[in-house]
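Reader: I'm new to this one. Can you put it up and walk me through it?

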Amino acid sequence: MSISVQLSAASLHYAGAARATFSGLNLNLPAKKWTCLLGPSGCGKTSLLRLMAGLIDSSHQQSGEISCSDGLSIDNRISYMAQQDLLLPWLNVLDNVCLKARLLTGKVSAAEQQKARQLLAQLNLSGIEKSLPDQLSGGMRQRVALARTLMQDTPIVLMDEPFSALDAVNRYKLQDLAAQVLLDRTVLLITHDPQEALRLSDQLYLFSADQQLLPLSLPDSLPPRAVDSQLGHYQQSLLQKMQVQHG
Amino acid sequence: MAKITFSRSNLGNGFSNLWRLTVTAVVILLLWQAIVIYFEMPPFILPPPLLVLEKLIGSYQLLLSHSLITMSEIVLGLLLGLLMGLLFALQMLLFKPLRRWLLPVLIASQAIPVFALAPILMLWFGYGMTSKVIMAALIIFFPVTTTCFDGLRYTPIGYLDLAHTMGANKWRQLWHIRLPAALPTLASGIRVAAVVAPIGAVVGEWVGSSGGLGYLMLQANARMQIADMFAALFILALFSIALYYFTDLLLKALIPWHREQTGH
């Protein structure tokens with residue numbers, strides 16, 4: 001399960017757009033590490049993640065190469081977490097967690113249900129298996145989405161601002177939880193929040209105004225980092241850098 | 001210190017609906033009787049409610065047999081129209097090149113009034129139930145197809161992204177994501193269809209038929225038996241209302257998540 005991913009010469013030009021969203025980008029996702037891309041909204045970081053996930057429609061001009069360290073294709077070995085929890089409102093929590101099995105085979109086996117129950121218990125969500133998503137709070141819903149991601153059990157996890165819709169306390173808690181349960185995955189996290197990037201990254205890049213990836217330094221401690229004075233200093237200098245970059 | 005206590009519940013909703021309906025019915029009946037008395041209406045122009053009730057009771061066997069014909073036409077037309085609309089919307093979604101060819105057909109199905117089509121349908125399908133079922137199906141075809149197509153087309157993109165990264169094929173996406181996501185939109189189309197379908201069936205009966213409430217009304221009208229006509233009209237209205245509420249309840253039971261999202 002330890003796979004590093006190399007993205008080479010990635011370019012994307014949306015059909016009808018005046019200029020390319022980015023071109024010639026290289027990015028390495030080291031095995032079992034969290035790589036964060038930090039940038040303001042609209043800078044193209046989400047497009048980069050969508051490109052890696054194969055979610056960009058073929059009508060848009062795209063090129064580049066994605067290679068995994070084990071030589072196999074990246075297809076079907078990623079799971080995707082978005083800002084919205086994307087829980088299907090007509091399925092209960094358990095069925096939502098088991099969605100992949102349902103989509104691939106049309107049914108959910110008892111063994112998979114058992115595994116899903118364990119994951120829910122691990123995320124402190126026991127007892128809500130039969131609830132519909134609309135009956136849950138935002139924090140709980142995103143935890144269910146995390147359980148669904150874990151259930152997919154892929155070596156690579158792509159996350160697009162999965163915590164940004166949560167309130168501060170829930171965000172902090174879920175960041176810790178995600179860092180803990182996704183410790184052995186190769187993760188790409190897209191965020192616009194410098195504090196979140198500093199808390200969770202093993203490797204951090206700033207998406208610059210000219211669509212380049214600038215590597216940034218991180219505190220020495222291991223993620224998930226506490227919000228202490230050291231992190232505060234890093235956050236201050238990061239905010240200044242972002243101001244210079246994006247005005 | 002002011003103290004506010006809250007006590008709200010919607011347990012009484014079913015009862016209050018029935019209550020409202022009863023009050024409305026009673027008010028209409030009273031107004032009706034008042035108009036008959038005040039304007040001294042002769043029974044062949046506006047029969048008093050009691051006379052209509054008398055007819056309802058007196059010739060209930062005749063009314064019942066014709067009602068069953070009309071109700072069957074409506075329900076069968078509704079089912080046929082729903083099936084046609086659903087299939088039409090599905091293939092517009094799945095075979096994009098076909099869409100441009102079929103859209104004019106869809107619009108024509110709505111633009112040509114069923115009144116204009118009715119004589120042709122009589123000619124082709126005879127005076128029996130078939131032509132009325134087709135009329136009812138045709139008249140609901142457009143609202144069902146468009147709502148179904150819109151529902152299927154505007155699936156939240158995030159759901160589809162998620163399904164894509166999970167490796168779901170087109171058909172599983174359709175069955176597990178697109179179709180259930182389209183249900184709330186389709187439901188509003190079905191509600192419209194339940195109200196409109198009786199129009200199609202009755203228009204069909206008026207143009208030419210050998211049975212049904214429309215046939216009965218036409219016959220009664222020709223003989224100036226206006227009370228009989230009102231009796232038939234009353235049954236038709238009652239059935240249409242019942243059909244709508246039944247459809248509404250069924251849809252709410254089938255799509256419980258929609259109610260929770262909208263709070264209704």
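Author: A definition to begin with: two residues are in contact if their C-beta atoms, placed from the backbone, lie within 7 Å. The model is predicted, so local features need pLDDT of at least 70 and side-chain atom pairs count only at pLDDT 80 or more, while totals for chains, interfaces and linings use all residues. Residues are numbered from 1 along each chain as its sequence is written, and chains are lettered from A and ligands numbered from 1 in the order in which they are written.

Reader: OK. Leaving aside neighbours within four places in sequence, what is A:Leu158 in contact with?

Author: A:Leu49, A:Met52, A:Ala53, A:Ile78, A:Tyr80 and A:Leu188.

Reader: And which residues have the most contacts inside the largest nonpolar core?

Author: A:Val97, A:Ala147 and A:Leu158, in a core of 66 residues. A nonpolar core is a set of buried Ala, Val, Leu, Ile, Met, Phe, Trp, Tyr and Cys residues joined through C-beta atoms within 7 Å. Buried means 20 or more other C-beta atoms within 10 Å of a residue's own, exposed means 12 or fewer, and partly exposed is in between. Helix α5 (residues 138-152) of chain A brings the largest share of this core, 6 residues. Another core, of 49 residues, lies apart from it and includes B:Ile69 and B:Phe88.

Reader: Where do helix names come from?

Author: Helices (H or I, at least four residues) and strands (E, at least two) are DSSP runs, numbered from the N terminus.

Reader: Switching to sheets. What is the strand order in the open sheet of chain A?

Author: β2-β1-β4, with antiparallel pairing. Strands pair if DSSP finds at least two bridges between them. β2 (22-29) and β4 (61-68) of chain A each have a single partner strand, so one side of each has no neighbour in the sheet.

Reader: How many bridges join β1(A) to β2(A)?

Author: There are 5, with β1 spanning residues 5-13 of chain A. A:Gln6 stands opposite A:Asn28 of β2(A).

Reader: Now the chains. How many residues are in contact between A and B?

Author: 21 residues of chain A are in contact with 16 of chain B. On the chain A side, α3(A) gives the most, 5 residues.

Reader: Last one: which residues of α2(B) make the contact with α10(B)?

Author: B:Leu51, B:Val52, B:Lys55 and B:Leu56. On the α10(B) side, B:Phe230 and B:Phe234 are among the residues in that contact.
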